[in-house]
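These are my notebook entries on one structure, written while I looked things up.

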Amino acid sequence: MNLDISQAVHYHLDKFPPAGLDYARLMPGLLGATAALARYDQMLSGLHNSELFLAPLRGQEAVVSSRMEGTISTLDEILQLEAEFDDDDAGASLEYRSDAIGTALYRRALNTAQQRMEQGQPLTESLLRSVHRQLLSFGRGAHKSPGAYKREQNYIGERGSRKVNFVPIAPEHLAGGMESLFRLIGDASMPVLLRTALAHAEFESLHPFEDGNGRVGRMLITLMLWQGKAIAAPHFYISRYFEDNKDEYLDRLRRVSADDDWEGWCRFFLAAVEQQAIGNLEAAQAIGDFYAQMKPVFAELLSSRYAVAALDYLFTYPVFSNSRFTRTAGIPPQTAARFTRVLLQEGLLQVVREAAGRRSAMYRFEPLMQRVRV
């Protein structure tokens with residue numbers, strides 16, 4: 001198919017990193033974003049088990065970030081897929097849409113990056129390529145060179161249209177572009193939020209992979225903020241703001257190459273971090289409030305010293321198979337089975353799928369799902 005590149009913006013070759021950013025004009029946005037991010041991070045650090053409140057947010061991020069690339073799935077779908085198959089991608093492919101598998105792979109790739117960095121691996125090109133390899137390891141992206149940089153020129157335009165809006169860097173210049181990008185990522189003399197802003201825009205402009213660039217680029221934001229100690233754990237998710245302001249997001253990225261407008265992009269990015277930090281804080285607090293509300297309810301209904309363990313499990317895995325619950329929740333199997341019956345009778349659990357043959361029943365903690373669906 002012949003592409004129309006007559007009106008396309010081309011990559012800003014030899015103009016990265018930008019020279020002469022006006023720090024004074026960026027300072028108000030930088031201070032606002034830093035303060036909001038610190039409040040969010042402080043709240044998470046004060047929780048006895050932040051994973052309980054972050055698991056739903058991480059699921060939301062996977063759904064929204066994937067949706068921005070045209071991969072449409074629901075939080076219910078990916079949680080059910082993960083509850084059913086865990087790492088069995090081949091089994092999942094027989095029953096679930098490729099979009100749901102792709103979104104689940106996003107969650108898994110982000111978790112893997114976190115684990116490797118916790119083990120001491122720095123944020124490098126090698127780590128980013130391994131994240132990409134896992135992201136595209138199965139499904140419709142598997143034939144698009146997972147983990148490998150592009151070898152042919154790629155283009156960005158409207159889906160289903162011949163019109164090209166942006167032409168990323170050519171493959172023959174990509175090695176130098178990635179070297180410059182990671183040199184900036186490691187430059188501790190620049191405030192981490194500004195470094196992250198510049199790095200995200202540059203990564204999206206390079207578009208180094210054949211597919212999956214947007215999702216990896218948004219993961220890069222979280223991983224950079226964590227490595228730069230702006231957040232204590234890699235639990236900041238920004239895709240919601242980018243999706244809600246997608247036209248401006250794409251326009252600001254194009255203006256970087258078209259008009260050398262790095263400051264305009266940085267102002268937009270800092271506003272995004274500030275507003276998303278506020279939104280994430282409110283969402284996590286709401287989940288925390290609901291947890292506190294459920295704690296005495298579970299204690300009364302279940303009448304067991306394992307009541308809190310059951311509640312923690314349902315917050316971490318709001319869609320789950322009965323067999324995995326009895327096997328991994330740290331509760332005696334007979335007690336876990338009784339818990340399931342009681343919670344079903346009280347309407348706190350809903351049946352996703354009845355038990356059949358060797359397949360375990362699957363349940364959903366609906367009161368939490370109502371609060372976290374996107």
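I looked up Glu263 to begin with and found it buried, because its relative accessible area is 13%, where buried means under 20%, exposed over 50% and partly exposed in between, with a 1.4 Å probe and protein chains only. I was working on a predicted model, in which local features need pLDDT of at least 70, side-chain atom pairs count only at pLDDT 80 or more, and totals for chains, interfaces and linings use all residues. Residues are numbered from 1 along each chain as its sequence is written, and side-chain values use heavy atoms, with hydrogens and water left out.

I then looked for the partner of Glu263 and found Arg25, with the closest N and O atoms of this salt bridge 2.6 Å apart; the term requires a side-chain nitrogen of Lys or Arg within 4 Å of a carboxyl oxygen of Asp or Glu. The pair links distant parts of the chain, as Arg25 belongs to helix 1 (residues 23-45) and Glu263 to helix 12 (residues 262-302), 238 residues apart. I took helices (H or I, at least four residues) and strands (E, at least two) as DSSP runs, numbered from the N terminus.

Arg25 counts as exposed because its relative accessible area is 53%. Arg25 also forms a salt bridge with Asp22, at 3.4 Å between the closest N and O atoms, and Asp22 is partly exposed at 28%. I noted that Asp22, Arg25, Glu263 and Arg267 are linked in a network of salt bridges. Elsewhere I noted Asp261 and Arg252, whose side chains meet in a salt bridge at 3.6 Å, N to O. My search of the whole structure gave 12 salt bridges.

I located His207 in the loop between helix 8 (192-206) and helix 9 (213-227). Is His207 buried or exposed? It counts as buried, because its relative accessibility is 14%. Leaving out residues up to four places away in sequence, I found His207 touching Lys150, Asn154, Ile156, Pro168 and Asn213, with contact meaning heavy atoms within 4.5 Å.

I noted a division into domain 1 (9-283) and domain 2 (303-372), with bounds from an automatic or database domain assignment. Taken over C-alpha atoms, the centres of domain 1 and domain 2 are separated by 33 Å, and 13 residues of domain 1 are in contact with 16 residues of domain 2.

I looked up Ala62 in helix 2 (residues 51-67), and it counts as buried because its relative accessibility is 0%. Apart from residues up to four places away in sequence, Ala62 touches Ile78, Thr103, Tyr106 and Arg107. I also checked Ala62 against Met27, and the two are 35 residues apart in sequence and 31 Å apart in space, C-alpha to C-alpha. Thr335 sits in helix 15 (residues 333-345) and counts as buried at 19% relative accessibility. Setting aside neighbours within four places in sequence, I found Thr335 in contact with Ser304 and Tyr306.
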